[in-house]
Amino acid sequence: MDTNALQRRVPELTHLLSSQREWLERLLFQLAFNQNSQIFVVGSQGSGKSTTVMAIAELFSEQFNIALLNRETSEKDVPARLMQQWFAAAALPDVSLTEQVMAADSQLPLLLVVDDAEYLSIDVQQQLKSIPCIAFFFTTPNHANTGFSLTLNRITSSDAAQLLQHESLNSIELAQRVAIANGNMHFLLLPPPQSELQRGSVGNTFLTKSVMLYFIAALILFSTLVVYFWPEPEISPPVNKTKVVIPPAPVQIDDKLIDDKEAFADVETDMPATIVEQEGTATIENAEVEADAAEVSALNQGMTVQELVKPEPAEQSGASLDISSESDVTSGLVVVPEADDASAANVSYVYDEVDLLGFNKQHISIQLAVLSSDNALQLFKRSYPELTTLAYQRNWQGVMQIIVLVAPFDNAQDAKMAMTKLPAALQASGPFVKALQAVQAEIRARQFSQQNSELH
């Protein structure tokens, strides 16, 4: 599509916000290289979808025959509404809408804009998609679609300054209002809720200080009463904590008193804590005495009881468990592990994926365009022969896309400097800096998806 005349008209739409004009320039850039007849425009509530609908109708009005649909049009009235807006004719009840449109005569190509497209049933949407026209379907983020989609820009501080210029806010106040609105222009235009809180803040502060003073006074009074009425502790004589070493008790065997070591030096038994006399009936249990003696001896040598018995060192298997793994982490992407050489050999790369995977993932690239076909890629390269670009395929929301890059750059500063030297049309299309780590993750995600499809 030739969009040069449309691009010249965008700066004339001064009633739009700067981010909205920038989005229209990005839309025209995509239409210039992608032969898409169905474009899904995604925006949350309050993001300016209805304003953008009217802006598209105004921008394309001189080159296209335009029809608009919204929630005010019921599904049964859709054929009559389109035939009336496009051809000023009545709809035939027994003929399909597509046949009526193809049979009608129009001097200009047809363009359809549907606001809040999710209100239409799937059958009606399929009928609209079969009409030979360019169609814009404005939807919310949670509405599934399988076509080419563009997301509306979020509110910026520049937009807020334009919308709230009558309030004379400084930059900090504007940033706060933008943060509170969270992308919703309706919330941005509402009176700030802080005003009500500020009127009651003086009284609340006074009440809070009064409560704190009463609490501190009560705490002091309670502390004084506790100190005054607390009974004096009884003074007990000091306790001598000297550890007395008691030698092991002598053992009587055959009516002779012998030392413990001498008595049991030659005795072998499977019961070290219990010693049984072979010829007598007396049983001597000496375990507790030996334990106490061992503890006392250890304390006298400056050791602790825990140091007395040292555990055996665990055997080392020789192979350690490596739980750390390096993975690519990118915003909004599923992390896919790197494939080995055997699995990577089974993947067919069409463009420059191998070169991009070989770059250092810490380096930077510039994303120039998102294309939908190889013909669009060839047209892009013919339009900008002075640029050395790289391309790769990715699977985005079920749709295969071709991403055009300039890479690599050592850091973001070098990439931003290179963006200033791009042709004016490319600068207006909204190129942005993208980490090669994110690029490689998208390539591996497609590789992972392709391997799964081959397995099933």
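Predicted model: local features only at pLDDT ≥ 70, side-chain atom pairs only at ≥ 80, totals over all residues.

Colleague: Are Lys434 and Glu442 buried or exposed?

Modeller: Both Lys434 and Glu442 are buried. They also belong to a network of salt bridges that links Arg394, Lys434 and Glu442.

Colleague: How many salt bridges does the rule give?

Modeller: The count comes to five salt bridges. One of them joins the side chains of Arg9 and Glu62, at 3.9 Å from N to O. This pair links distant parts of the chain, 53 residues apart: Arg9 is in helix α1 (residues 4–9), and Glu62 is in the loop between α3 and β2 (65–69).

Colleague: Why does Arg9 count as buried, and why is Glu62 exposed?

Modeller: The reasoning rests on relative accessible area, for which buried means under 20% and exposed means over 50%. Arg9 counts as buried because its relative accessibility is 18%. Glu62 is exposed because its relative accessible area is 60%.

Colleague: Where does the salt bridge between Arg71 and Asp116 lie?

Modeller: In that salt bridge, the closest N and O atoms of Arg71 and Asp116 are 3.4 Å apart.

Colleague: How should I read the nonpolar cores, and which residues have the most contacts inside the largest one?

Modeller: A nonpolar core is a set of buried residues of nonpolar type joined through side-chain atoms within 4.5 Å. The largest has 37 residues, and Leu24, Leu27, Ile56, Phe60 and Phe136 have the most contacts inside it. Helix α3 (residues 49–60) gives the most to this core, contributing six residues. Leaving aside residues up to four places away in sequence, Leu24 touches Val10, Leu13, Leu16, Ala55, Ile56 and Leu59. A second, separate core has 22 residues, including Leu112, Ala117, Val124 and Ala135.

Colleague: Where is Ala179 placed, and is it buried or exposed?

Modeller: Ala179 is in helix α8 (residues 171–181). Ala179 is exposed because its relative accessible area is 57%. From C-alpha to C-alpha, Ala179 and Ser157 are 9.7 Å apart in space, and they are 22 residues apart in sequence.

Key:
Residues numbered from 1 in each chain as written. Heavy atoms only, no water. Buried < 20%, exposed > 50% of the residue type's maximum accessible area, 1.4 Å probe, protein only. Helix = DSSP H or I, 4+ residues; strand = E, 2+ residues; numbered from the N terminus. Contact = heavy atoms within 4.5 Å. Salt bridge = Lys/Arg side-chain N within 4 Å of Asp/Glu carboxyl O.
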